[in-house]
Amino acid sequence: MDSKLNNFVKAILDFCFYIGLVAVIAVPFLLKHAVQLALQVLGKTTEYAAINDHYWYAVVSIMLVGIAALLILYELRKMMKTVIDDDCFVDANVKSLYRMGTYAFVVTVIKLLRCFVYFTPSAIVIAGVFLFAGLFSKVLARVFDKAVRYKQENDLTI
């Protein structure tokens, strides 16, 4: 694969990881302002007004989802390094895919639980996306596991 493309993708993942880290840390400080801005733009009757009533729950749930997303990015960065090193069919990538699936399921659960406290349509959409991403990641982990076993078998016979 093209090393320029690999390095570009790795740079994007690194950028997203560090911006995400700053965003997660900033949640307790900036969420109030973001909600106030949303209320000014969308009106006081928007579903985001409920965040003010459940502010600390919102902060904690957003931060937990952010941490899970950062862990997914961290695993992707590790996997991308193996692609750059031209050694991607390794057990570490199987474990990374499995963990990413688990993190995606954590996001799904947090988003669905949040809907019982205060509902936003985006929470359902995000939960659905992460549910399917988690399933995809778990299935891909199994596929990668088989590929790693075949590669190891092949390496031993040559």
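Predicted model: local features only at pLDDT ≥ 70, side-chain atom pairs only at ≥ 80, totals over all residues.

Over residues 125-144, what percentage of the chain is helix, what percentage is strand, and what distance lies between the end C-alpha atoms?

Reply: Over residues 125-144 the chain is 100% helix and 0% strand, with 28 Å between the end C-alpha atoms. The UniProt record, an unreviewed entry, annotates this stretch as a "transmembrane region", and it gives the feature also to residues 12-35, 55-76 and 97-119. For residues 12-35 the computed picture is 100% helix and 0% strand, and the C-alpha atoms at the ends lie 28 Å apart.

Helix 5 spans residues 121-157 and is among the elements that give two or more residues to the lining of the largest pocket, the others being helix 1 (3-42), helix 3 (55-84) and helix 4 (91-117). That pocket holds about 450 Å³ of space. Its lining comprises 26 residues, and those nearest the centre are L76, M79, M80, V83 and F144. By residue class, the lining consists of 18 nonpolar, seven polar and one charged.

M80, one of the residues nearest the pocket centre, belongs to helix 3. Its relative accessibility is 11%, and because buried means under 20%, M80 counts as buried. Along the chain M80 is 13 residues from N93, and their C-alpha atoms are separated by 9.4 Å.

Helix 3 itself has 30 residues and reaches 43 Å from first C-alpha to last, close to the 44 Å expected at 1.5 Å a residue. Just after this helix comes D86, with a positive phi of about 60°. D86 sits in the loop between helix 3 and helix 4. It takes that positive phi although it is not a glycine. Most residues other than glycine have a negative phi. At 69% relative accessibility D86 lies over the 50% limit and therefore counts as exposed.

The largest nonpolar core has 14 residues, among which I72, L97 and M100 touch the most other members. Helix 3, helix 4 and helix 5 are the elements that give two or more residues to this core, and helix 4 gives the most, with seven.

K111 is found in helix 4 and, at 9% relative accessibility, is under the 20% limit, so it counts as buried. K111 and F130 are 19 residues apart in sequence, and their C-alpha atoms are 9.6 Å apart in space. R99 is likewise located in helix 4. With 28% relative accessibility, between the limits of 20% and 50%, R99 counts as partly exposed. The C-alpha atoms of R99 and G134 are separated by 9.2 Å, although the two residues are 35 apart along the chain.

Technical notes. Residues numbered from 1 in each chain as written. Heavy atoms only, no water. 1 Å grid on protein atoms, 1.4 Å probe; cavity = no way out; pocket = protein on both sides within 12 Å on 5 of 7 lines; lining within 4 Å. Points joined across faces, edges and corners; volume = space filled by probe spheres on them. Helix = DSSP H or I, 4+ residues; strand = E, 2+ residues; numbered from the N terminus. Nonpolar A, V, L, I, M, F, W, Y, C, P; charged D, E, K, R; others polar. UniProt positions renumbered as here; feature names shortened; annotations may be inferred. Expected span 1.5 Å × (residues − 1). Core = buried A, V, L, I, M, F, W, Y, C linked by side-chain atoms within 4.5 Å. Buried < 20%, exposed > 50% of the residue type's maximum accessible area, 1.4 Å probe, protein only.
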